[in-house]
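Please look through the following report with the sequence and the model side by side.

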Amino acid sequence: MNQAREWLKAASSVVVLTGAGISAESGVPTFRGAGGLWNRQRAEDLATPEAFARDPLLVWQWYDWRRASLATVQPDSGHLALAELERRKPRFTLITQNVDGLHERAGSRNVIRLHGDIWMVRCTACGRETRDERAPLPELPPRCESCGGMLRPGVVWFGEALPQEAFRRANEATRRADVFLVVGTSAVVYPAAGLVPLAKASGARVIECNIEETPFSSGLDRSFRGKAGEVLPQLIA
Ligand code: OAD
């Protein structure tokens, strides 16, 4: 821990990649592992354009349930530690796969969202994007106010491209990182997971925090087995 703390302290450019595990202590279920299923269905079977085309109501019920559960949670000590770390560093980028908005609510500023935002909705007919924070939504599937078309969640689904500019910025920041922190992600969903080997290849010290081992754990500079809400405050202490 001491060595990792020193690396972090000395770094002027810090990049963090987070996944669902950082919000677990806020009470948000992760996608994989215990509690990851909704109605016995996996995220891979619901978060796809095909699933939405087949059964938009079912997919919307899942998102509506997730939105409603998010409306009652608060950022946890892991989110807060990263917001504090950002205040201390001249260059800091937080890349997240999460769509829950908890990093921003914790005070993080320079956030790159790779998988969109669960509070945004987009019309499948006219493309209009709006923010809708009502949870639960009054009508499912929700309809576009301007054209009446069906709305979809403003998130990235399996098989869809990541927002190009966000991913470009994530790659650029990763290449310049002195320290790259990977927190609470199973690191199996690409292209986001590819940022971890990119950071390593670009010369960053790569530090992981996860309650379980991931495919990258053994090849990193440090891998801490523990909860983000406990490990991160110690790391930045
Ligand atoms: P996963 O659910 O795949 O992984 C969560 C990770 O967090 C696991 O490796 C857990 O061991 C770890 N974890 C759980 N609790 C933790 C805690 N308190 N502290 C630290 N680690 C903890 O979530 P992601 O890796 O974010 O994509 O999943 C990646 C993408 O797959 C998501 O963005 C989503 C999903 O399907 C889309 O919807 C496109």
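## About the model

This is a predicted model, in which local features need pLDDT of at least 70 and side-chain atom pairs count only at pLDDT 80 or more, while totals for chains, interfaces and linings use all residues. Residues are numbered from 1 along each chain as its sequence is written, and side-chain values use heavy atoms, with hydrogens and water left out.

## The parallel sheet

Six strands, paired in parallel, make up an open sheet with the order 3-2-1-7-8-9. Helices (H or I, at least four residues) and strands (E, at least two) are DSSP runs numbered from the N terminus, and two strands pair if DSSP finds at least two bridges between them. Strand 3 (111-113) and strand 9 (222-225) each have a single partner strand, so one side of each is left without a neighbour in the sheet. From one strand to the next, the twist averages 15°; axes are lines fitted to C-alpha atoms, for helices over the stretch in contact, and angles run from 0 to 180 degrees between N-to-C directions.

Within this sheet, strand 1 (residues 13-18) and strand 7 (residues 179-183) run parallel and are joined by five bridges, with V14 standing opposite V179 of strand 7. Helix 1 (residues 2-10) packs on the sheet, where it touches strand 1, strand 7, strand 8 (205-210) and strand 9, and its direction makes about 120° with that of strand 9; contact here means heavy atoms within 4.5 Å. Helix 9 (residues 228-235) lies across strand 7, strand 8 and strand 9, and runs at about 160° to strand 7.

An open sheet of three strands has the order 5-4-6 and antiparallel pairing. Its edge strands are strand 5 (129-131) and strand 6 (151-155), each of which pairs on one side only. Neighbouring strands of this sheet are turned by 40° against each other on average, with direction ignored.

Strand 4 (residues 116-123) is joined to strand 6 by four bridges, and the two run antiparallel; R122 has R152 in strand 6 as its bridge partner. Helix 4 (residues 56-70) packs on this sheet, touching strand 4 and strand 6, and its direction makes about 135° with that of strand 4.

## Around the ligand

The ligand is surrounded by 23 residues, of which the closest are F31, R32, T185, S186 and N210; a residue counts as near if one of its heavy atoms lies within 4 Å of the molecule. This shell divides into nine nonpolar, 10 polar and four charged residues, where Ala, Val, Leu, Ile, Met, Phe, Trp, Tyr, Cys and Pro count as nonpolar, Asp, Glu, Lys and Arg as charged, and the others, Gly among them, as polar.

The protein covers 94% of the 790 Å² of accessible area that the ligand has on its own, as calculated by the Shrake-Rupley method with a 1.4 Å probe.

Most residues other than glycine have a negative phi, and most peptide bonds are trans. A187, in the loop between strand 7 and helix 8, has a positive phi of about 55° although it is not a glycine. P191 has its place in the loop between strand 7 and helix 8 (195-201), and a cis peptide bond with omega of about 10° joins Y190 to P191. Another cis peptide bond joins L140 and P141, with omega about -15°, and P141 is found in the loop between strand 5 and strand 6.
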